[in-house]
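Work through the exercises below with the sequence and the model at hand. Each task is followed by a worked solution.

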Amino acid sequence: MLRTKATPGEVLRRVLPGLEQARTYERRWLRADVLAAITVAAMLIPQGLAYAQIVGVRPVAGLYAGAFAMLAYALFGPSRHLLMGPEAGAAILTATALAPVVGAGGPERLASLAALLALMVGGVSLLGGLCRAGALADFLSRPILIGYINGAALIIIGSQLARMFGLERGSNEFAGQLQEVAANVGHTHRPTLLLGLGIVAALVAMRRFLPRWPAPLVMVALTTLAAGSFQLEHGGVKVVGPIAASAPAFGLPSLRFEDVRTLLPAAFSLALVNYASSVLTGRVYADRFGYRLDTHQEFFGQAAANLLTGLTQGFPVTGSASRTAVNVSMKGRTQLVGVVAAAGVGVFTLFLTPLLSKLPLVTLGAIVIVAAVSLLEVEPLVWLWRVRPVEAVLAVVTTLGVLFLGILLGILIAVALALVDLIRRAAHPHDAVLGEREGMPGWHDVEGHADAETIPGLVVYRFDAPLFFANARFLREQVRHLVAASRQPVRWFVLDASSVFDLDVTAADSLEEVCHELTGEGIVFAVAQARAPMRRMLKRSGLAALIGQDLLFPTVGAAVRAYLEARDGARATHDGEPLSSTQVH
């Protein structure tokens, strides 16, 4: 396929996907995008404050981290729906990485280290993009995607359970959150729980009967007004509370070699976790709405968001599954949602912090839970079980791994299991003895077609996989079995290599052994329809010379014709004697 030279405009749109979204923007999307942005901003404010508290930096840093991350990703990110910003998982990993480094440095050193880590995560992500490491996403199969989404949805739900019951959340792990709620259910604040359940019911009802209404935004407005009018805070319903406003701080954090060296493993871990979780979430919506997610460009989106956050004294950010789910539930279509939400958060942080001080926290919890439930992939999991149970098990393992071992380890275990299953299947691939069918051209599997007949003295054997170390012994044993089980003496054994697109050194040694064994028994070994990669390997390994160039046939039909000619010629001079390679040639 010929490649034409890309124009400067095409290159610019490839590097900055946000420009292409802006160029193709349709006015009819504006209302939904703006409403989604307002709701996302209302969610981000208390979440940003909470995640900043987890990291240990000033609360307003969480707000600016969300705003600048969304702006950067809107320009460089490939997903139309994914929203960047502070997230619980990234905040927890950040706090864990910084704790042993801070020492007695105090808040200023902690803020500087958090910003440095964000810059390092951005640098690692940039390196991943430059190295075209987006191929890593090819290892994230459909079952892994389903398992991750289900695990992420349950993590999101678990993170909001304590808020729904009016309890304090102490654990940042899914199992710990469930245990906390179960152990303290007797201390449930009933007004909070009733309010939360009412909001959930209202959100579900509005989605069902008033799908065009911005249900989360309506709930934020109504519950904020109700909390202020009826003084719900005095009744024990927790609200966002006052937020101190301040301008963002720009500049490089303190760069010390010792700090960089110490934080480097954490930077790589965070970059990988951020990329995996973001690209999986982005793929869900790219598939749902029918566009392609550039997995290489996702690295640049992650890099831009973290680099800008680091330069504004923030902390590492990643794709937000919960805010992205709310964005989609409100019909957001483009990254204009992130731009408007970022502007809203910035304006709010500078001038309007008192407006949400009365917003009940349970409102946000209910919105997040309803959005997370919509993420759950139950029907696809059932379909997987019906079609291929082993992949359904892989999806469940991924879910459990993400829930109880963390996103990175859960995904890595799932990928490892998927590779083990792939090797297991490749080690014992499908194979077939081929025969002729009357009135049907070509050669067909004798097991799949009862009327297919083999030619006496000839075995045509097809191997449906690349030949490599894991299945080399299987091939050799199958050849021995077919020769021993043949009702008539085998004169020729033809390997149909049409499906063997690769051959490694171990398999080449195994084929050499097969050739020597068959030749020693007076059986001609031939290869038909070998692909170019296998032909090259046959030549380099010396197998082509060992087998003989005249026994490397372009098609199975050519090999069969050669056998029939050799058989008929042998009958004329060696009636009844087995045919050997020396007699034929």
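Helices here are DSSP runs of H or I with at least four residues, numbered from the N terminus. The model is predicted.

**Exercise 1.** Describe α3 and state which residue follows it.

Solution. Step 1: α3 has 26 residues and reaches 35 Å from its first C-alpha to its last, close to the 38 Å expected. Step 2: at Leu44 the helix α3 bends by about 25 degrees, and Pro46 follows within four residues. Step 3: 19 of the 26 residues of α3 are buried, so the rest of the structure largely encloses it. Step 4: Gly56 follows α3, and its phi is positive, near 105 degrees.

**Exercise 2.** Find which helix supplies the largest share of the lining of the second largest pocket.

Solution. Step 1: this pocket holds about 640 Å³ of space. Its lining has 29 residues, and those closest to its centre are Pro211, Val328, Ser329, Met330 and Lys331. Step 2: helices that each supply at least two lining residues include α3, α9 and α13. Step 3: the largest share, 5 residues, comes from α15. Step 4: by type, the lining divides into 20 nonpolar, 2 polar and 7 charged residues.

**Exercise 3.** Decide which parts of the chain the salt bridge between Glu168 and Lys238 ties together.

Solution. Step 1: the two side chains meet at 2.7 Å, N to O. Step 2: Glu168 lies in the loop between α7 and α8 and Lys238 in the loop between α10 and α11, so the pair ties together parts that are 70 residues apart in sequence. Step 3: exposed means over 50% relative accessible area. Glu168, at 63%, counts as exposed, whereas Lys238, at 33%, counts as partly exposed.

Conventions: Residues are numbered from 1 along each chain as its sequence is written. This is a predicted model: local features need pLDDT of at least 70, side-chain atom pairs count only at pLDDT 80 or more; totals for chains, interfaces and linings use all residues. Side-chain values use heavy atoms; hydrogens and water are left out. On a 1 Å grid over the protein atoms alone, a cavity is a set of points where a 1.4 Å probe fits but cannot get out, and a pocket is an open set with protein on both sides within 12 Å along at least five of seven lines; lining residues have an atom within 4 Å of a point. Grid points are joined across faces, edges and corners, and a volume is the space filled by probe spheres set on the points. Ala, Val, Leu, Ile, Met, Phe, Trp, Tyr, Cys and Pro count as nonpolar, Asp, Glu, Lys and Arg as charged, and the others, Gly among them, as polar. The expected span of a helix is 1.5 Å times one less than its number of residues. The bend at a residue is the angle between axes fitted to the seven residues ending there and the seven starting there. Buried means under 20% relative accessible area, exposed over 50%, partly exposed in between (1.4 Å probe, protein chains only). A salt bridge is a side-chain nitrogen of Lys or Arg within 4 Å of a carboxyl oxygen of Asp or Glu.
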